[in-house]
Amino acid sequence: MVPHLTTALNGPLLSLEKSMLDAMPKIEHWFRTQWLEHAAPFYASVDLRNAGFKLAPVDTNLFPGGFNNLNPDFLHLSVQAAMVAVEKICPEASRLLIIPENHTRNTYYLRNVVELANILKQAGMEVRIGSISPEITEPTLLETHDGQPLLLEPVVRQGNRLSLPASKLGDTNLSAFDSCAILLNNDLSGGIPDILKDLEQDLIPPLYAGWSTRRKSQHFSAYNRVAKEFSTLLGIDEWLLNPYFETCGEIDFNARTGEDCLAAKVESLLEKIRIKYAEYGVSQEPFVIVKANAGTYGMGIMTVKSPDDVRGLNRKARNKMSVIKEGLEVTEVIIQEGVYTFESINDAVAEPVVYMMDHYVIGGFYRVHTGRGIDENLNAPGSQFVPLAFEKPCTLPDCAGAPDATPNRFYAYGVVARLALLAAAIELQEQDPLNQ
């Protein structure tokens, strides 16, 4: 099943997809040269929005948590990519310690950890899951929503190394485990815990990739450069795959400071979008998304269609915008051009999420939410959230087929996701303390 693209304005997008199909050899060569200069992140996921007239990334996650939503038929792609990714970082690695998020009650997230471990085991690694949660003081067997077992073991630090001590789980003896490398599936929203600082083991991704230091605006600044170069290569309008953005720092929603700065930035961005909508004959109302400049999980986000929407917010709206994951206060926001999603399944709004390991696309899924609109963030709690695995890989276009044929739409998704991945690679390179 593939979501139906319901818009009369898919002319520019079909033209964009056709440009990508016609230039496929040129695009793949360009990517190859880029990966010679920039080291791809170990893994990443990219949220895309398809408006018919525009296809753009709206978020890039360097600690992806939805491996359980991928099509199991593409497992071989994940395993091959994982082999390449591990070889690059630690060629002699045979053991890998995964450190997940501390929220052990989210059984869907735990299923993601099981799947991630499965991919790495099939890539030839010995894998154990180590927890840095204060709640996990002894080996603990958890169960995912679909009955899969997951063993969490408390991590200990000795000198500058992390390991798992020898222990027992019931009648089973667990051997000590000292790994070559440590894979974080924990985005460090609450800061960098001391136990992870100054380790001699390879830490993947590096600590500065976490939300305690990373900013969305840095990522999209890098994406601006990537999109500009790519658009010049194809001879297309950069706006078709790049959302405008602004930032506003020193905001305090509870104290109501910074509102004028935010309203002014919203107004100027909406005007830029209106000009582009007029150029392309888009009849929809422009909107922007205001969200915390760090963090994930769909917290601290609002859809805005007028500067008045951010002036005089009521208490409920201010409370919603003022804190994100781990209870952190929001002091800086990114104001991003809103991209409509005109893909839907049975009247439910859908948006594609593309998963990558190293510089390879390994699959993806549609985030489907019946409780949300075409101009709203879909990464939000709700019983109607349904992941729909991609039925085709994003790497095999049908160059003889129509631009919007399923494999060609997925190829376009793969190209734009890799542009965001390249931006993340540049962003991490620039944030690396060794390059400061």
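User: Which residues of α2 meet which residues of α8?

Analyst: In α2, Met 24, Ile 27, Glu 28, Trp 30, Phe 31, Gln 34, Trp 35 and Glu 37 make the contact. Their partners in α8 are Tyr 411, Val 415, Arg 418, Leu 419, Leu 421, Leu 422, Ala 425 and Gln 429. Contact means heavy atoms within 4.5 Å. The contact of α2 with α8 divides into 11 nonpolar, 2 polar and 3 charged residues (Ala, Val, Leu, Ile, Met, Phe, Trp, Tyr, Cys and Pro count as nonpolar, Asp, Glu, Lys and Arg as charged, the others, Gly among them, as polar). The model is predicted: local features need pLDDT of at least 70, side-chain atom pairs count only at pLDDT 80 or more, and totals for chains, interfaces and linings use all residues. Residues are numbered from 1 along each chain as its sequence is written, and side-chain values use heavy atoms, with hydrogens and water left out.

User: Why is α2 called roughly parallel to α8?

Analyst: Helix α2 (residues 24–37) packs on α8 at about 20 degrees, with the axes 11 Å apart. Roughly parallel means under 35 degrees; over 145 is roughly antiparallel, 65 to 115 roughly perpendicular, and the rest oblique. So α2 is roughly parallel to α8. The crossing of α2 and α8 is left-handed.

User: What makes α5 oblique to α8?

Analyst: Helix α5 (residues 216–234) and helix α8 (residues 406–431) pack at about 125 degrees, with their axes 8 Å apart. That angle makes α5 oblique to α8. The crossing of α5 and α8 is right-handed. From α5, Gln 218, His 219, Ala 222, Tyr 223, Arg 225, Val 226 and Phe 230 take part. The α8 side includes Val 415, Leu 419, Leu 422 and Glu 430. By class, the contact of α5 with α8 has 12 nonpolar, 3 polar and 3 charged residues.

User: Why are α3 and α4 called roughly perpendicular?

Analyst: The axes of α3 and helix α4 (residues 107–122) come within 8 Å and cross at roughly 70 degrees. α3 and α4 are therefore roughly perpendicular to each other. α3 passes α4 in a right-handed crossing. α3 brings Leu 75, Ser 78, Val 79, Ala 82, Met 83 and Val 86; α4 brings Glu 115, Asn 118, Ile 119, Leu 120 and Gln 122. The contact of α3 with α4 divides into 7 nonpolar, 3 polar and 1 charged.

User: What lines the second largest pocket?

Analyst: The second largest pocket holds about 620 Å³ of space. Of its 23 lining residues, the closest to the centre are Ala 39, Ala 40, Ile 89, Pro 206 and Tyr 208. α3 (75–89), β14 (202–204) and α8 each give two or more residues to the lining. That lining divides into 16 nonpolar, 3 polar and 4 charged residues.

User: Which residues line the second largest cavity?

Analyst: The lining is Asp 252, Phe 253, Asn 254, Ser 322, Glu 329 and Val 330. By class, the lining of the second largest cavity has 2 nonpolar, 2 polar and 2 charged residues. About 30 Å³ of space lies in the second largest cavity.

User: What makes the backbone at Pro 205 and at Leu 188 worth a look?

Analyst: The peptide bond from Ile 204 to Pro 205 is cis, with omega near -20 degrees. Pro 205 lies in the loop between β14 and α5. Leu 188 has a positive phi, near 55 degrees, and is not glycine. Leu 188 sits in the loop between β13 (181–185) and β14. Most residues other than glycine have a negative phi, and most peptide bonds are trans.

Technical notes. Axes fitted to C-alpha atoms, helices over the stretch in contact; angles between N-to-C directions. Helix = DSSP H or I, 4+ residues; strand = E, 2+ residues; numbered from the N terminus. Left-handed = near helix turned anticlockwise from the far one by under 90°. 1 Å grid on protein atoms, 1.4 Å probe; cavity = no way out; pocket = protein on both sides within 12 Å on 5 of 7 lines; lining within 4 Å. Points joined across faces, edges and corners; volume = space filled by probe spheres on them.
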